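Student: I would like to learn how to read a helix and its neighbouring strands. Could you take me through an example?

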Amino acid sequence: QNQLAGAASAVDLMGLNTYEWSIVVDPMYREIGIGLTIYNVLKEGLSMRGSVGDLALAVDGGHFGEQFLQSQGYEYSFSEATLEAKAIVANEPFTFAMRLFQQKDTKALCEIFSQGFGDTPEESLQLIEFNATTEGIYLWVADRGGEIAGTVTTRQEGDGHWVTALAVHPSFEGQGIGSEILRWVKDYVVRSGGRVVLLDVEIENARALSIYEKNGFMISSQIHYYVAS
């Protein structure tokens with residue numbers, strides 16, 4: 001009756017035919033089958049696109065959504081928190097030169113992603129290819145005397161910049177490179193006209209959470225991911 005009762009969205013973030021999706025239904029129209037109808041259409045759409053896997057998202061505190069996913073055979077997998085920090089100008093020089101990725105950096109980045117994320121060589125190459133060629137995404141490397149000390153990827157969204165794939169080369173661990181890269185990102189964002197730096201981190205990764213919090217990041221929201229059992 002010309003009233004928006006619910007909606008769904010799905011995205012293949014890495015171009016690998018694996019989708020992250022979510023559904024929202026107006027509280028006034030819940031428990032009358034609208035969510036299930038949207039879900040069935042969504043799953044049909046993923047099937048038509050040759051999806052080989054999917055992750056369902058539920059916002060923290062959305063118990064109705066979690067119950068719905070469980071009723072459709074989805075099980076809890078992991079949680080991510082979105083953290084944010086104010087972009088500020090750096091007052092001290094950096095110990096590296098930050099520049100955009102070049103093909104000659106591929107080997108070093110594969111070593112970084114293998115150590116930092118447990119990625120296989122193929123997964124590392126796919127990540128590099130995606131971050132280096134997708135419009136609006138910038139893949140940076142921290143070059144210290146010709147050696148790659150670390151890497152980070154940035155993407156602008158409004159007055160905020162998202163940070164992904166932040167990692168340090170094994171040879172430079174324990175030297176504060178990760179914190180220095182975060183300081184560089186804050187400086188880069190404010191000089192680019194941005195206001196805030198955002199990133200996602202798994203809740204179970206206590207070490208990463210501690211590092212981000214020490215660098216001025218605070219949790220702004222939390223998402224739970226579910227997979228089909």
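The dialogue below turns to one helix and some strands of this predicted model.

Student: Which residues of H4 are buried?

Tutor: Start with the general idea. An α-helix has 3.6 residues a turn, so residues three or four places apart point the same way. In H4, the buried residues are Ser 124, Leu 127, Ile 128 and Asn 131. Seen down the axis of H4, the buried residues fall within an arc of 100°, so they line one face of the helix. Glu 122 and Thr 133, on the other side of H4, are exposed.

Student: How many residues of strand S6 are buried?

Tutor: Six of the eight residues in S6 (residues 137-144) are buried, so the strand is mostly covered.

Student: In what sense does S6 pair with S5 and with S7?

Tutor: With S5 (residues 97-100), S6 pairs in the antiparallel sense over four bridges. Here Arg 99 stands opposite Val 141 of S6. With S7 (residues 147-157), the pairing is antiparallel over eight bridges, and Tyr 138 stands opposite Thr 154 of S7.

Student: What do S6 and S7 form, and how many residues lie between them?

Tutor: S6 and S7 form a hairpin with two residues between them. In the turn, Gly 145 has a positive phi of about 60°.

Terms used:
Residues are numbered from 1 along each chain as its sequence is written. This is a predicted model: local features need pLDDT of at least 70, side-chain atom pairs count only at pLDDT 80 or more; totals for chains, interfaces and linings use all residues. Side-chain values use heavy atoms; hydrogens and water are left out. Buried means under 20% relative accessible area, exposed over 50%, partly exposed in between (1.4 Å probe, protein chains only). Two strands pair if DSSP finds at least two bridges between them. The arc is that of the directions from the helix axis to the C-beta atoms.
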